[in-house]
Amino acid sequence: MAENNYSVTNEFILVGFSDHPDLKTPLFLVFSAIYLVTMVGNLGLVALIYMEPRLHTPMYIFLGNLALMDSCCSCAITPKMLENFFSVDRRISLYECMVQFYFLCLAETTDCFLLAAMAYDRYVAICNPLQYHSMMSKKLCLQMTMGSYIAGNLHPMIEVGLLLRLTFCRSHVIKHFFCDVLPLYRISCTDPNINELILLVLAGSIQVFTISIVLVSYSCILFTIFTMKSKEGRGKALSTCASHFLSVSIFYGSLLFMYAQPHSANEGDKDMPVAIFYTLIIPLLNPFIYSLRNKEVINVMKKTMKRR
């Protein structure tokens with residue numbers, strides 16, 4: 001009955017920040033700067049890890065892939081958002097919308113598994129240092145990285161397939177700056193309950209599984225640190241984990257705040273500030289969180305700059 005009252009649309013309008021026309025130019029400049037710094041920071045970190053043999057260890061391999069996924073997340077969202085600041089119609093096709101969401105979901109899901117792998121790596125390094133090279137072999141590191149990418153691809157494939165079963169006829173206006181599932185559910189004239197259930201099961205399972213690995217790993221790490229007799233050893237162990245723990249806290253905190261809220265709290269553009277944080281700010285912060293707190297990365301960067 002709903003489809004008879006409305007015309008089905010295959011094109012959307014991303015409202016974005018059009019409610020604030022006076023801030024159009026300042027916001028464009030701010031987000032352009034964020035995008036530029038994000039890409040330089042993350043891709044620079046990937047290049048540094050790739051070129052420096054001393055950084056070819058599990059921790060830095062995971063970190064390089066995390067930086068690559070952060071670049072993917074930023075590329076999926078920011079270019080279209082910047083274009084829409086000065087676009088007249090701000091239109092995006094259904095398939096462009098699906099591609100944008102696919103790469104965003106790919107990046108976020110892969111990040112979850114990479115952060116869990118990094119937590120396990122820190123657990124082995126601190127709790128079983130003498131067995132580190134046997135427990136975190138190159139083969140296991142490769143398997144964990146490939147597993148992260150496989151899971152990262154499977155999740156968005158399922159979600160996009162389910163989104164394509166929906167018809168959009170209530171409205172073609174998305175009150176957001178990118179194509180996310182929650183705004184799309186709101187304008188669907190097909191009942192999205194199945195989509196919401198599968199999203200809850202899949203996303204919930206991924207987050208519970210990866211957060212459990214992080215929590216168990218850090219519980220063991222903290223127990224080991226507190227039983228150390230040397231203050232220097234405790235300080236070194238804590239500094240080794242601090243950057244990863246900070247990144248995990250920010251990442252999971254924003255995701256849970258975004259998707260674990262009831263629908264009444266996620267109406268309109270109220271979720272945009274949190275979305276900005278986890279899609280734009282976190283990819284910006286991660287290379288600095290890991291680089292500035294890591295003496296080995298800083299030393300490699302200094303040596304690389306001296307060579308040039």
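Guide: Gladly! Keep in mind that this is a predicted model. Let us start with helix α2 (residues 24-51) and helix α3 (residues 58-85), whose axes lie 9 Å apart and pack at an angle of about 155°.

Visitor: Why are α2 and α3 called roughly antiparallel?

Guide: Set the angle against the cut-off. The two helices pack at about 155°, and angles over 145 degrees count as roughly antiparallel. Therefore α2 and α3 are roughly antiparallel to each other. The crossing of α2 past α3 is left-handed. In their contact there are 18 nonpolar, seven polar and two charged residues.

Visitor: Which residues of α4 and α8 meet?

Guide: Among those in α4 are Thr109, Phe113, Tyr120 and Ile126, while the α8 side includes Ile206, Phe209, Ser217 and Ile225. The residues of this contact divide into 17 nonpolar, four polar and one charged.

Visitor: Now for a single residue. How do you know whether Pro58 is buried or exposed?

Guide: Pro58 sits in helix α3. Its relative accessible area is 11%, and buried means under 20%, so Pro58 counts as buried.

Visitor: What is Pro58 in contact with, beyond its neighbours within four places in sequence?

Guide: Pro58 is in contact with Asp121, Tyr132, Met136 and Cys141. Another pairing to look at is Pro58 with Thr145: they are 87 residues apart in sequence, and their C-alpha atoms are 9.5 Å apart in space.

Visitor: What makes a set of residues a nonpolar core?

Guide: The residues must be buried, belong to the listed nonpolar kinds such as Leu and Phe, and be joined through side-chain atoms within 4.5 Å. The largest such core here has 84 residues, and those with the most contacts inside it are Phe12, Phe17, Phe31, Phe177 and Leu184. Its largest share, 18 residues, comes from α4.

Visitor: Which residues does Leu184 touch, leaving out those up to four places away in sequence?

Guide: Leu184 touches Phe12, Cys97, Met98, Leu163, Phe168 and Ile174.

Note on methods
Residues numbered from 1 in each chain as written. Predicted model: local features only at pLDDT ≥ 70, side-chain atom pairs only at ≥ 80, totals over all residues. Heavy atoms only, no water. Axes fitted to C-alpha atoms, helices over the stretch in contact; angles between N-to-C directions. Helix = DSSP H or I, 4+ residues; strand = E, 2+ residues; numbered from the N terminus. Parallel < 35°, antiparallel > 145°, perpendicular 65-115°, else oblique. Left-handed = near helix turned anticlockwise from the far one by under 90°. Nonpolar A, V, L, I, M, F, W, Y, C, P; charged D, E, K, R; others polar. Buried < 20%, exposed > 50% of the residue type's maximum accessible area, 1.4 Å probe, protein only. Contact = heavy atoms within 4.5 Å.
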